[in-house]
Amino acid sequence: MSLEKGKVHACEPNQCCRTNIDGYLAEFCPTQNKNVFAIMNYPAQIVFQHPQLPQISKGVTTSLERSTLFTLRTLTMNTWGFKVWAEEKATRMPAIATFLKQSQYDVVFIQEAWYHADFQVLKNTFPYSTFYGTPGSIICPSISNDQSFYIQLLPIDCNGLMILSKHKIIRQEFISFQDRIPAPEELFATRGAIAAMIEVTKTVGGVDKAIKLSAINTH
């Protein structure tokens, strides 16, 4: 997000400010809690905490394609995907997939996509994705994106991590954590980090530019 030159105007107390977020005209509004603000008229309503009323410019633009800077839109999301504890998972996963399909993010970091069926739903929202499963595991082996599990009652020994990308993933690696939290609910999962090398090509100031970046997702 870039700010055009000019005076920055603050939102008036207890009033909504209209601004442009990811190409959508949205309103930034206070709630009953003075430290909680909501973004309205957006594909997915957002509520978040902020210690102070933010300064929002009337000249804000999110037209990053016209920028002279090499920019990336990123998102990290915990899908709360273990159906033993998660509420309304069957409703939430398709809703998340719809949101991702409509988004303008370049790279998305997903946590707790434990089941391969949910992985497939989320994987299909972006052109590229890391693989499912844990390398070296017998119960939850790492498989390519064109393979599938025939039966998966529980995602035992899976790690729940994935990286979605609009740009080509040229290499990936999973690293398991040796230190574990001594809690019963932690015994079924493998904890670690997944790293991906991504080749990003974008038009910046009318010129095609390419970089390779490392993206790391952990939980």
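Strand S8 (residues 107–111) and strand S10 (residues 162–165) run antiparallel to each other and are joined by four bridges. Strands here are DSSP E runs of at least two residues, helices are H or I runs of at least four, and both are numbered from the N terminus; two strands pair if DSSP finds at least two bridges between them. Across this pairing, valine 108 sits opposite leucine 164 in S10.

A quick word on the source: this is a predicted model, in which local features need pLDDT of at least 70 and side-chain atom pairs count only at pLDDT 80 or more, while totals for chains, interfaces and linings use all residues. Residues are numbered from 1 along each chain as its sequence is written, and side-chain values use heavy atoms, with hydrogens and water left out.

Zooming out, S8 and S10 belong to an open, mixed sheet of four strands in the order S7-S8-S10-S9. S7 (74–78) and S9 (128–129) are the edge strands, each with a single partner, so one side of each has no neighbour in the sheet.

Angles run from 0 to 180 degrees between N-to-C directions, and axes are lines fitted to C-alpha atoms, for helices over the stretch in contact.

| Helix | Residues | Strands | Direction |
|---|---|---|---|
| H1 | 89–102 | lies across S7, S8 and S10 | about 180° to S7 |
| H2 | 116–123 | touches S8, S9 and S10 | about 20° with S10 |

The helices also pack on each other, at about 25° and with axes 9 Å apart. That makes H1 roughly parallel to H2 (angles under 35 degrees count as roughly parallel, over 145 as roughly antiparallel, 65 to 115 as roughly perpendicular and the rest as oblique). Contact means heavy atoms within 4.5 Å, and here H1 brings Lys89, Met93, Ile96, Ala97 and Leu100, while H2 brings Asp118, Val121 and Leu122.

What about the nonpolar cores? A core is a set of buried Ala, Val, Leu, Ile, Met, Phe, Trp, Tyr and Cys residues joined through side-chain atoms within 4.5 Å. Buried means under 20% relative accessible area, exposed over 50%, and partly exposed in between (1.4 Å probe, protein chains only). The largest core has 25 residues, and Leu100, Val108, Ile110 and Leu122 have the most contacts inside it. S7, H1, S8, H2 and S10 each give two or more residues, with the largest share, five residues, coming from H1.

Elsewhere, threonine 190 is in the loop between S11 (168–176) and S12 (192–204). Threonine 190 is buried, at 9% relative accessible area.
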